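Try each task before you read its solution.

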Amino acid sequence: MEDNILEIINLNKNYDKFKLSDINITLPRGYIMGFVGANGAGKTTTIKLIMNMIRRDSGKINVMGKDNIKYEMHIKNKTGYVGEQPVFYDDLTVRWTANFAGKFYSDWDGAAFNELLTRFGVDKTKKIKQLSKGMRMKTALAIALSHRPELLILDEPTSGLDPVIRDELLDILMEFIQDERHGVFFSSHITSDIEKIADYVTLIDNGKIIFSEEKDKILNHWKLVKGDINKLDDYRDDLAGLKVSKTGFSGIVKDMDAFKACHDMSLLTIDKISLDDVLLHLAKKENQK
């Protein structure tokens with residue numbers, strides 16, 4: 001079995017006013033990757049390319065070791081996909097929706113679907129239009145999980161949901177990944193969700209990958225450095241994602257030992273970093289280029 005469940009290699013997609021440029025992402029089996037970026041950064045476009053919902057201009061996408069176009073049906077049979085706004089027939093019931101979806105998967109497990117509905121508190125006799133946004137998302141996730149997928153691909157699955165339902169969905173993802181053959185790739189602009197469950201974090205901004213790193217490496221080793229604006233020139237060249245105000249500056253240091261060897265630290269404030277800090281600083285810098 002191949003070690004990587006998802007590989008994106010030099011992926012490009014051009015539109016009139018937007019383009020994805022040389023996207024490279026690798027997700028090993030047994031891990032969760034959070035895919036972060038501002039609205040319009042390219043998250044949904046990338047996910048649609050993985051699912052072959054739109055065609056790439058160049059590059060390669062391997063899912064479970066197979067080309068996502070040549071082996072599209074095999075891959076979709078083994079991939080659970082949930083979009084930000086799952087599409088259903090609103091006037092039909094949850095039960096009908098599941099029976100309809102199950103016809104497209106060779107490993108559909110109706111019993112597993114019913115168990116998930118019970119766990120999620122979804123009434124399968126209700127029409128889709130009677131469900132709240134949270135219940136619609138739970139229904140979509142139940143469908144995605146009920147054909148024994150190896151890979152889950154989720155586009156903003158927790159967006160707009162209340163904290164309790166968000167936690168429930170994150171718990172399901174954590175349970176899914178306990179099988180080391182599985183993988184999860186999910187986009188979100190809610191960085192607290194990424195911090196809670198992701199093993200890897202990939203930041204995309206303006207159609208370009210800014211970084212793809214282990215989450216613990218970012219949170220444990222990267223630091224947020226702050227100082228007085230009058231001292232900025234002493235540190236400017238060694239700060240990533242520099243952010244400047246009238247009175248001060250802040251930036252990211254990825255190697256604190258090397259930074260300390262070159263600079264006087266007495267005039268700086270060193271803080272632990274959050275993914276919010278990373279998103280605000282690095283995406284901002286990319287936009288300023």
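Strands here are DSSP runs of E, at least two residues long, numbered from the N terminus. Keep in mind that this is a predicted model.

**Exercise 1.** Find the strand that holds Asp22, and decide whether Asp22 is buried, partly exposed or exposed.

Solution. Start with the place: Asp22 sits in strand β2, residues 19-28. Next, take its relative accessibility, which is 48%. Partly exposed covers the range between under 20% (buried) and over 50% (exposed), so Asp22 counts as partly exposed. Finally, look at the backbone: Asp22 has a positive phi, near 50°. Most residues other than glycine have a negative phi.

**Exercise 2.** Carry out the steps of Exercise 1 for Asn10.

Solution. Asn10 belongs to strand β1, residues 4-14. Its relative accessible area is 41%, so Asn10 is partly exposed. The phi of Asn10 is positive too, near 50°.

**Exercise 3.** What is the strand order in the open sheet of four strands, and which strands are at its edges?

Solution. Reading across the sheet gives β12-β13-β11-β14, with antiparallel pairing. β12 (240-244) and β14 (269-272) each pair on one side only, which makes them the edge strands. On average, neighbouring strands are turned by 20° against each other, direction ignored. Now zoom in on one pair: β12 and β13 (residues 248-253) are joined by three bridges in the antiparallel sense. For Ala240, the bridge partner in β13 is Ile252.

**Exercise 4.** How far apart are the C-alpha centres of domain 1 and domain 2?

Solution. First set the bounds: domain 1 covers 4-215 and domain 2 covers 223-272. The C-alpha centres of the two domains then lie 37 Å apart.

Definitions and conventions:
Residues are numbered from 1 along each chain as its sequence is written. This is a predicted model: local features need pLDDT of at least 70, side-chain atom pairs count only at pLDDT 80 or more; totals for chains, interfaces and linings use all residues. Side-chain values use heavy atoms; hydrogens and water are left out. Domain bounds come from an automatic or database domain assignment. Two strands pair if DSSP finds at least two bridges between them. Axes are lines fitted to C-alpha atoms, for helices over the stretch in contact, and angles run from 0 to 180 degrees between N-to-C directions. Buried means under 20% relative accessible area, exposed over 50%, partly exposed in between (1.4 Å probe, protein chains only).
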